[in-house]
Each structure stands twice: as structure tokens, then as C-alpha cells.
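The discussion follows the structure shown below.

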Amino acid sequence: MGRTATVATCALNQWALDFDGNLERILKSIEIAKRRGAKYRLGPELEICGYGCSDHYYESDTLLHSFQVLAKLLESPVTQDIICDVGMPVMHRNVRYNCRVIFLNRKILLIRPKMALANTGNYREMRWFTPWNRPRHVEEYFLPRMIQTITIQESVPFGDAVLATLDTCIGTEICEELWIPTSPHIEMGIDGVEIFTNSSASHHVLGKAHTRVELVNSATAKNGGIYVLANQKGCDGDRLYYDGCAMISVNGSTVAQGLQFSLDDVEVLVATLDLEDIRSYRAEISSRNLEASKVTPYCRIKVHFALSFSDDIRMPTSEPIQWQYHSLAEEISLGPACWLWDYLRRSKQGGFLLPLSGGVDSSATACIVYSMCHQVCCAVDSGNQNVLDDVRKLVNDVAYTPKQPQEFCGRVLTTCYMASENSSQETSNRAQSLAKEIGSYHINLNIDGAVKAIWGIFSAVTGQLPRYQVHGGSARENLALQNVQARIRMVLAYLFAQLSLWSRGMPGGLLVLGSSNVDESLRGYFTKYDCSSADINPIGGISKTDLRSFIQYCTENFHITSLKSVVSAPPTAELEPLKKGQVAQTDEEDMGMTYDELSVYGRLRKIAKAGPYTMFCKLITMWKMCAPREVASKVKHFFRTYSVNRHKMTTLTPSYHAANYSPDDNRFDLRPFLYNSAWSWQFRYIDEQVSKLESEDLKTKLEDVA
């Protein structure tokens, strides 16, 4: 009687609608799992078509091609003698479901539809799929003829069932089902299911890995059992980065940990586990056993196959390990860099162009590209042929092998300092020094001629010449003059992105990188269609505070000494005239709030769902050093400026999603972009509460004096 089961889970870098590539990666993962002795292989959610197909799920082509890939998998000799669990959309009785298709030796054992759909934040599964709302119910699913000819099956079970092998029982969860209060693994475990599998498409958010790991370990800590989690990795076509972290847990302890960030397209985790450990663990949980005596049983699909060997007494089993987490700064260094690599290689462009101002935001973006180059070099050094092939296609040189991050950075990153008469020598020096240290191809240019030409056009038409406020102009003139500079930089960035490589006798074009942080986007502290209008933005979901921590990390770990002067300098747009050669304009003064305050507003507005009054109530206790009237003034100022600038979100450059208070318009943050910025009712109610609080404070003081 066998007692050790060997199972495999995967993290695959799938790409939406890339059926050829997705099939290749699935087959490779199965091959690796078999080679390492696994009898069960689990893959990510919707891995056949790629999770991010969005409205392509409506198309019959997506269903057709998914079944064509399934047919290839069923026919392949690679999939023989191992239970394969793959994800794809399936239509049953004219309803689309997000499903797992589980098969063995050219026979489909079960199609298990997802029961709890992800429908918050970035997820819209209810738009394309319907949840299976019939627990423990199984129906007959009639297979397409292309599958029938392979499996010699007319129909297969479809619904909420479990697999009973010769040695154990396996139950399925799909992504969101782990996160809900009534997770299926609870009832399945009570009914004797010993192995729980979860196929996920869980995206990266800073610090999210802790929650995911705790959920998996707690799933088996209370009930006993083995939990096997697969996850997608990489950028599959949009703003999200799926961060892997495949794992296997037993009785509340992790025994196998996958990488969170990696350039490997296929990662397979294998563990050998003692089934008797589960039975012993459950034996003394009397409360669980009492529940088991009255549970409604699941439909069990009998599978004449074992995950163990009959003679496995010498088989070593996987031991518990301590999960190794990345720091927040490490996550910023690794996640956006992997996302950039996927976007660059799949878009088939020649590299990136970054307007480098010498400030924290653009410097952080440059460091993320440098981190990407560092990871690429490490992957090539470790023998990753796929990465090397992508590098050679990127630089159009079949013999090239990157050796050092600085040298590779010179091939793929062009930085550009765009000076005006309002730029200081300090920021120019900082940009030049950083470019030299990371190895980017650096350009210095002056935009004054273009700016003055535009002023001249306006003056020729109107007979008026606007002036800066420090020269006696109005606020409207001052803002317009700043906007001209910012927008000229965007035009020049795209010009150099298209022709910079051409001018150097090299093929291809460059992707323009934006560098506006999440706080500035929330406040609307940027010019519409300026340098923030780029192709992609790796820091658009990261706060200024976190970027400063990341800069410090790069200083220490990449030994980029020029960053010390970057992080110590006050943030400035440098769009107004200098005073005696020194910067007079600062971001925080312009915004009327600090970046730390802005970060707090962002979390309260999105994560805590706070309107003006609720935000005022929360900040009264958070900011006890401020009087109620001062807190009210800060809250009102934020909401006025937020609502006035909300329209800018409609043009926001697609950004790496890294925070749950992202203001990304109509994708993650569904709010109007035309507001009554007076907020008359809301602000009046806040003022009433301020008066009441001040009266109470005055009364208390008088009583104390008496």
C-alpha cells in the first residue's frame, strides 16, 4: 500500500490569445513534472487561452481555439500517465464558465466550473462568465466532436465533484474560491478530501504575498490536508503583473515555495508528501470529525490511478520550510522590471526612451530598467536560453551575449534630459551622473527654441504675449506657460523614440516610459499630455514615499551613488523661472499638501471608500496634532483639487498596478471625471461638525478653568 504522493504545480508566463506559446509552455511544464516523478500536474487559471482575454471571451473563436489546444494536449504522449489539470473557458448549455479540465490518458475525468468569480478591483469575471451556483451538483457535458474522436467519450461529468484515486481524494478550487469566507476546501476537507488544488491568476500588489501564503497555510492548518497552488506569472497583455509564488502546503506548513519574480517562462514545483501525515493530523481534531459524520457527501469520480507507488517505503518526503519574503523595496525592484521585460520582448521594440529629469520619479524609473537589465544578465548567466534568444532578437545581433547590466542597459535604454531656461544645473548634473552609472545612452537637449516658437505663434495671432506670475502675469498665463514646456517634452520624447535608433544606424523604435507616481496621478499634479503621456509607466501605481525607499535600496544594492543627491533634493517640476540660478518652485508647495499627506488621502479615498465627510472623521483621530478646522481645510482642499483634475485620469498612461489605491480610470477606479467641485452639501456638513467640535472644546476649557 503506497503512502507517498508526488504532485506538481506550475507558474507559467502565459500570454492572452497566444495559443501556440501557451500550448508549448503547458507541455513543457507537464514534461518537467513527469521527469521529476509527479503523478498530478496543476496549472494556472485559464492557462490555455491566457487569463487576460477580457472581451475576447465573448468570441466563439476563443472557445474554439481553446478546445483545439486541449485536443493537442490530449493527443500528446507527454500527457500520458499523469493526471493533467488545465484551465480554459467552456460553454455549457449556452452559458460560459471558467473551468478546470482534468484528464488522464486521453480521457477527460471532470470539467469543474468556477463557483466564486473575482469581480472587484481589476477583475471583471462576472462580465464574461457565470458562477456555478449548484454545490455538489454534477451534470452531463457533451463534448465537441474534435474531442470525442480522441477520448472516445460522448459526454463527461461537469460540475462540483472530486476525484477518488486508488490512494487519495483530490478536490479543486479556482483562485477566488480560496479568498471567500466559505471556501470549498472547508466542506471538501470535512468530506475526506486530502489534496486541495488551486489554479490562480493572482496579480502582484506590494505586500500581497503575505496574505496569499497565510490563506494557503491556514486552509490546511484547521482541517489538515495538502494544498497545491498554481499561479500565472508575467505580463499577459495589460497593466497587471502576475507574480507566480506557486506553493505546496501540508497541515499548515509550507513545503515548497516558488519564485515570486522570475524571467523563466516555465517554473515547476514538485513535492512528495506522506498521505498518512494528513490522516494522523485529522485524527485528533474531534470537532472536524463530528462535522464529518453529518456532511453531505460530494460526488466522487473514480479514477483507476494512484499518485503513489506500492513500494515507496524509502521515498523521502518534502520537509516544512520558512517562506522567504521580499522587502517592499525589493518588490518594486523586481516586479515592474519583469513586467517591462515582458512588454519589451513581446512588443518587439528596440528598447526604451525615458525623459530623465534628475528627480526621484524619473530616476526610480531608470533604476527599474537597470534592475531589468540586471535580471536579464543573471538569467543568461544561469543558462536561460529563452531569455538569451529574446535578447538577441531585441538588439538584432545573433551573436550577442549580455555580460554586465550597464553594458546591456546602453543597448536598451536611452535617457534624455530636456533642459529649458527654467532648469537648474543641479538637476542636469544628477541626470547625467545617473545615466553614466547605469550605462544608458544619454542625450542632452534644450527645448527653449521650440517653446519660444509656440509663444511666437500665439503672439502673432492674438497680439498678446503671456508672462510668468513672477514677472507680473496672471495665474492663467503662468499655468499656460508651464504647460507648453511640459507638452513640448512629450512631442520631443516621441520624436526621439521613433528616430533615435535610426539616427545611430540601428533598426527599430523605442517605447516611451512615463514616470508619474500614483500620488501625483491622484492629485492630478501633472500636465495633460505632457511627459506623463507615454507608452507605459512602471511607477504609476507606486507612491512617492515607497519610491524613496526604493531609491535607497538601489543606492545600497546596486551601488549607484548618484542617487544620494537625487533623494535629498526637494521634488520640483522646474517649469517656473529660477531665482538667482536656484529652483524656486517645489511640488509640495504647488500642490498645497505633502506627499505623505497625499498618500494618506489616497488610501482613505479608495481602500477605505471615504468620501469628504468620512475622510474628515478618520483624519480627526489620525491627525490629533491638527485642530478640526485645519483638518477640514486639508480635506476640502484635497477633494477640490482631486475633482477639478479628475479628467486627467482618462488620459493616464497604462501603469504597472502595484497598489490598491490606484486612481487608474475606468479600469481599477470607476468614478466620474466631471464633478461639481464645490462639494457644497458635503463641505457644509463638515463645517457644521467643525463648529460643534469647537463648541465642545471651548466648553471643556471653560469647565477646566472653573
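Which side chains meet in a salt bridge with an N to O distance of 2.9 Å, one of them being D243? In this predicted model, D243 is joined to R212. The partners come from distant parts of the chain, since D243 belongs to strand β12 (residues 242-243) and R212 to helix α6 (residues 208-221), 31 residues apart. D243 has a relative accessibility of 0% and therefore counts as buried. R212, with a relative accessible area of 3%, is buried as well.

**Further salt bridges**

The whole structure contains 34 salt bridges. Among them is the pair of E139 and R93, whose closest N and O atoms lie 3.3 Å apart. E139 is in strand β6 (residues 138-142), whereas R93 is in the loop between β3 (83-92) and β4 (95-104); 46 residues separate these distant parts of the chain. The two ends of this pair fall into separate accessibility classes: E139, at 12% relative accessibility, counts as buried because the limit for that class is under 20%, while R93, at 61%, counts as exposed because the limit there is over 50%.

Another salt bridge connects the side chains of E187 and R136, at 2.9 Å from N to O.

| D243 | R212 | 2.9 Å |

**Packing of α20 and α22**

How do the axes of helix α20 and helix α22 cross? Helix α20 (residues 595-606) and helix α22 (residues 628-645) have axes that come within 12 Å and cross at roughly 75°. This angle lies in the range of 65 to 115 degrees, so the two helices are roughly perpendicular to each other. On the α20 side the contact involves E597, L598, Y601 and R605, which meet K634, F638 and Y642 of α22. By class, the contact residues comprise four nonpolar and three charged, with no polar ones.

Note on methods. Residues numbered from 1 in each chain as written. Predicted model: local features only at pLDDT ≥ 70, side-chain atom pairs only at ≥ 80, totals over all residues. Heavy atoms only, no water. Axes fitted to C-alpha atoms, helices over the stretch in contact; angles between N-to-C directions. Helix = DSSP H or I, 4+ residues; strand = E, 2+ residues; numbered from the N terminus. Parallel < 35°, antiparallel > 145°, perpendicular 65-115°, else oblique. Contact = heavy atoms within 4.5 Å. Nonpolar A, V, L, I, M, F, W, Y, C, P; charged D, E, K, R; others polar. Salt bridge = Lys/Arg side-chain N within 4 Å of Asp/Glu carboxyl O. Buried < 20%, exposed > 50% of the residue type's maximum accessible area, 1.4 Å probe, protein only.
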